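Please read the numbered points alongside the sequence and the model.

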Amino acid sequence: MRRWTIGMLALLAACGQADEPDASVNLTQDDPILPMPSPTPETLVTIPTRFVGIWDSYGAACAADPAGANRLVVAANAITMGDRELPVRGITLADAGAVDIDIVGDRGGITEQRRYRLALGEGGTLDMMADGGPVRRVRCDAPAGAEAAARNAIALNLAPDGLQTVAGASSRALPFGSPSEIVLRVVEAATQSLPERSRNETCGEGPLDIATYPKIAVYFQEGRFVGWSARGRGLTTMSGVGIGAKRATVDSSIDAPVEETSLGREFTSGGLSGTYDARDNVTALWAGSTCIAR
């Protein structure tokens, strides 16, 4: 069992000499704790699915001692370290797909506030960040973890005025005009991928910065989210409109008359635009400023 020690605050004053700073909480080296920085703007309802599961220090430990001191169990709204279950009080997105997990617990009558940063390393390991570096854990339950991930998945939906995320019974809108850093973090978390970055200087509405993911390209102007375009099958609106959808699906959810344009058989409705092929399948879908050449 790891032992945590809490340093006593000492106030030392001397004539002509400034007070020394308060002593901070002292932890053993095994406790990967980050200081409590200001929260990032984008919060999540649950811990992202890629972190959910059972983790331990090395493969053999997974079977050797299910209640070992190094065992880490990550659920949607709690983490368990050894024999200590710690409810999660806040979840915020961090850089490169990592998340910061805020925990408030009681230990011996003393309230403890902690922030843990979770990130995935090479080969699917879990890195729990500390000031001195990450503590690494390996997954013990790949099948069970995958099932838990599916149950707690964060879905990304397309919308005429931006994007929308859904986690469990909760949804959150990301309208056009949202800060780029928030939108990038959400899309990276939802797609579990990093974008290819580019810039188009020749758009009629001005230069656009582009983040291209496997299933979507997201457009920004002067640090603000201004448009998206779907790339292949996989992402849809809440009503099921996406690449490959039938015209009947589109017509059942929106009023989208079709016109012949330089792009082909094009439809537009309330900010949402797209094209059909000869069989009335959606072949392109976009909204906002995307710099489409006509």
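1. A residue is called buried when its relative accessible area is under 20%, exposed when that area is over 50%, and partly exposed in between. Please bear in mind that the model is predicted.

2. Is Asp-127 buried or exposed? Its relative accessibility is 7%, and Asp-127 is therefore classed as buried, since the limit for that class is under 20%. The residue belongs to strand 7, which covers residues 126-130.

3. Which side chain makes a polar contact with that of Asp-127? The partner is Arg-136, at 2.7 Å. Beyond its neighbours within four places in sequence, Asp-127 also touches Arg-117, Leu-118, Ala-119 and Gly-121, as well as Pro-134 and Val-135; Arg-136 belongs to this set of contacts too.

4. Turning to charge pairing, side chains of opposite charge can pair when their charged atoms come close. How many salt bridges does a search of the whole structure find? The search returns nine.

5. Arg-199 deserves a separate entry. Another joins Arg-199 to Asp-209, where the closest N and O atoms are 2.7 Å apart. This second pair links distant parts of the chain, 10 residues apart: Arg-199 lies in strand 12 (residues 196-200) and Asp-209 in strand 13 (residues 208-212).

6. Arg-199 has a relative accessibility of 46% and so counts as partly exposed. Asp-209, with a relative accessible area of 25%, is likewise partly exposed. Glu-201 has a relative accessible area of 51% and is therefore exposed, the threshold for that class being over 50%.

7. Where do Asp-251 and Arg-247 lie? Both are in helix 4 (residues 247-253), four residues apart, which is about one turn of the helix. Asp-251 and Arg-247 form a salt bridge in which the closest N and O atoms are 3.4 Å apart. Asp-251 is partly exposed because its relative accessibility is 41%; Arg-247, at 24%, is also partly exposed.

8. Finally, a network of salt bridges links Asp-100, Asp-102, Arg-115 and Arg-117. One of these residues, Arg-117, is also among the contacts of Asp-127, the buried residue described in point 2.

How values were computed. Residues are numbered from 1 along each chain as its sequence is written. This is a predicted model: local features need pLDDT of at least 70, side-chain atom pairs count only at pLDDT 80 or more; totals for chains, interfaces and linings use all residues. Side-chain values use heavy atoms; hydrogens and water are left out. Helices (H or I, at least four residues) and strands (E, at least two) are DSSP runs, numbered from the N terminus. Buried means under 20% relative accessible area, exposed over 50%, partly exposed in between (1.4 Å probe, protein chains only). A polar contact is a pair of N or O atoms within 3.5 Å; within protein, one must be able to donate a hydrogen and the other to accept it, and residues adjacent in sequence count only if both atoms are side-chain atoms. Contact means heavy atoms within 4.5 Å. A salt bridge is a side-chain nitrogen of Lys or Arg within 4 Å of a carboxyl oxygen of Asp or Glu.
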